[in-house]
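Have a look at the sequence and the fold, then read on.

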Amino acid sequence: MTRTAHPLTSPGKQMLSEQVYAHLRDAIMRGDHAPGDALKPQDIAKEQGVSLAVVREALVRLVGEGLADRLPNRGFAVPAFSDRRWQEIAEARRTIEPVVLRMSIERGDVDWEARVRAAHHRLARTPAFVPEDGEYYSSAWSEAHRVFHRTLLEGCGNPVLLETFDRMWTASELARRWAAQRNPDRDAVGEHRRLEEAALARDADTAAEVLARHLTLTAAALTGCSRQAKEVL
């Protein structure tokens with residue numbers, strides 16, 4: 001007698017897990033949960049009207065993206081905010097992203113150039129702040145910002161490196177959301193324009209230097225280490 005193999009996860013459960021994951025991800029990125037807040041599966045399951053298994057699956061996915069921590073014998077929690085944590089993330093980005101950008105400039109084709117130009121155009125035309133979001137960067141600008149930086153690196157053609165970028169970017173965006181700081185003295189528009197220009201000119205040295213400086217200034221804004229950043233630069 002032949003048995004029919006059943007998938008480990010049913011389509012219905014997968015859909016529910018995706019919905020709970022999206023709900024929790026948006027809530028964390030909006031700042032609905034403070035740094036270090038517990039994410040209790042039982043409470044989330046009751047609130048969302050789903051099983052504990054569905055919630056745990058969603059939470060494990062958030063842990064994989066760096067948007068939640070799994071604590072031994074204590075369940076799940078929003079990552080705690082600390083200068084050390086974000087300095088480590090910033091150090092990783094400054095180490096990895098300029099190298100990947102060099103690879104991207106070396107390997108990127110004409111289609112990549114067109115995508116970089118289009119991504120920068122969208123970013124430059126998207127307001128960073130809108131009244132309904134208060135002190136926070138607008139959702140539209142945040143997405144345009146992510147797409148621009150990722151597109152710059154996509155010419156490398158290495159999905160593993162791009163997955164690493166995605167994880168680091170998510171962690172940085174969470175820190176940026178919590179910081180909710182504006183720096184009127186910073187020329188972010190000019191920084192992005194110089195990044196685009198250097199990349200399209202195939203000037204890897206300048207592009208890597210501009211990106212490293214850009215990331216250093218961002219880290220300074222998120223950690224409150226502006227004096228230290230000036231000394232480094």
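The chain has an average pLDDT of 85, and 86% of its residues score at least 70; pLDDT is the predictor's confidence in each residue, from 0 to 100. This is a predicted model, so to speak of local features we need pLDDT of at least 70, side-chain atom pairs count only at pLDDT 80 or more, and totals for chains, interfaces and linings use all residues. Residues are numbered from 1 along each chain as its sequence is written, and side-chain values use heavy atoms, with hydrogens and water left out.

Confidence is highest in helix 5 (residues 110–124), at a mean of 98, and lowest in helix 10 (residues 226–232), at 37. Helices here are DSSP runs (H or I, at least four residues), numbered from the N terminus. Where pLDDT is low, the predicted coordinates should not be read in detail.

Two packed helices are described by the angle between their axes and the distance between the axes. Axes are lines fitted to C-alpha atoms, for helices over the stretch in contact, and angles run from 0 to 180 degrees between N-to-C directions.

For helix 5 and helix 6, the axes come within 9 Å and cross at roughly 160°. That makes helix 5 roughly antiparallel to helix 6 (angles over 145 degrees count as roughly antiparallel, under 35 as roughly parallel). Among the residues in this contact are W112, V116 and H120 of helix 5, and W141, H145 and F148 of helix 6. By class, the contact has nine nonpolar, three polar and four charged residues. Ala, Val, Leu, Ile, Met, Phe, Trp, Tyr, Cys and Pro count as nonpolar, Asp, Glu, Lys and Arg as charged, and the others, Gly among them, as polar.

## Helix 8 joins in

Helix 5 also packs with helix 8: their axes come within 10 Å and cross at roughly 170°. That makes helix 5 roughly antiparallel to helix 8. W112, E113, V116, R117, H120 and L123 in helix 5 meet H192, R193, E196, A199 and L200 in helix 8. This contact divides into five nonpolar, two polar and four charged residues.

Helix 6 (residues 139–154) and helix 8 (residues 188–200) pack at about 25°, with axes 11 Å apart. That makes helix 6 roughly parallel to helix 8. On the helix 6 side the contact uses W141, H145, F148, H149 and L152, while helix 8 brings H192, L195, E196 and A199. Five of these residues are nonpolar, three polar and one charged.

Note on methods:
Helix = DSSP H or I, 4+ residues; strand = E, 2+ residues; numbered from the N terminus. Parallel < 35°, antiparallel > 145°, perpendicular 65-115°, else oblique. Contact = heavy atoms within 4.5 Å.
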